[in-house]
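Open your viewer and get ready to click along. We will go from strands to core to pockets, one selection at a time.

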Amino acid sequence: MLETQRLRLRPWRDEDASAYAELHGDPHVAYWLGGRMTYEQALESLGRNKRAIEERGWGLFAVEKKEDGALLGVAGLSVVEPPIPVAPAVEASWRLSPAAWGRGYCTEAMRG
């Protein structure tokens, strides 16, 4: 787990599934990610994120607000694979709930 002034980046928990699916089903968030995910697709994605952290020790972590424990979104490093033109690579990656946009959380999380 990593902590910043306002945030906690932590491994995923089973109870995060609904919030993760809601985030990836949001049309504003999904616009930049190739489209909305179904609940089942989100669970598969969450499982991949959990396994990556377990296997490598790094990946896409849950971004939690320290003040109240609210799950704001996802941040960390992800592996880029084909067919993405720059693959193979590792990229900084993030996505937050629109309610958390404009508050500097992504910058804070990625600096951490």
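Two strands pair if DSSP finds at least two bridges between them. Strands (E, at least two residues) and helices (H or I, at least four) are DSSP runs, numbered from the N terminus.

Before you click, note that this is a predicted model: local features need pLDDT of at least 70, side-chain atom pairs count only at pLDDT 80 or more, and totals for chains, interfaces and linings use all residues. Residues are numbered from 1 along each chain as its sequence is written, and side-chain values use heavy atoms, with hydrogens and water left out.

**Stop 1: the sheet.** Select the five strands, which form an open sheet in the order β1-β2-β3-β4-β5 with antiparallel pairing. At the edges are β1 (2-3) and β5, each pairing on one side only. Now show β4 and β5: eight bridges join them in the antiparallel sense. Pick Gly 76, and you will find Ser 93 of β5 opposite.

**Stop 2: the core.** A nonpolar core is a set of buried Ala, Val, Leu, Ile, Met, Phe, Trp, Tyr and Cys residues joined through side-chain atoms within 4.5 Å; buried means under 20% relative accessible area (1.4 Å probe, protein chains only). Which residues touch the most other members of the largest core? Select Leu 7, Leu 9, Trp 12, Val 63 and Leu 72, out of 22 residues in this core. Elements that each supply at least two residues include β2 (7-10), α1 (17-25) and β3 (60-65).

Next, color α1 and look for its buried residues, among them Tyr 20, Leu 23 and His 24. Their cover includes α2, α3, β4 and β5, where contact means heavy atoms within 4.5 Å.

**Stop 3: the pockets.** On a 1 Å grid over the protein atoms alone, a pocket is an open set of points where a 1.4 Å probe fits, with protein on both sides within 12 Å along at least five of seven lines; lining residues have an atom within 4 Å of a point. A volume is the space filled by probe spheres set on the points.

The largest pocket has a volume of about 610 Å³. Of its 19 lining residues, Arg 48, Asn 49, Leu 60, Ser 78 and Val 79 are closest to the centre. Select α3 too: this helix gives the most to the lining, with five residues.

Finally, visit the second largest pocket, with a volume of about 240 Å³. Trp 94, Arg 95, Leu 96, Trp 101 and Cys 106 lie nearest its centre, among 15 lining residues.

Notes: Buried < 20%, exposed > 50% of the residue type's maximum accessible area, 1.4 Å probe, protein only.
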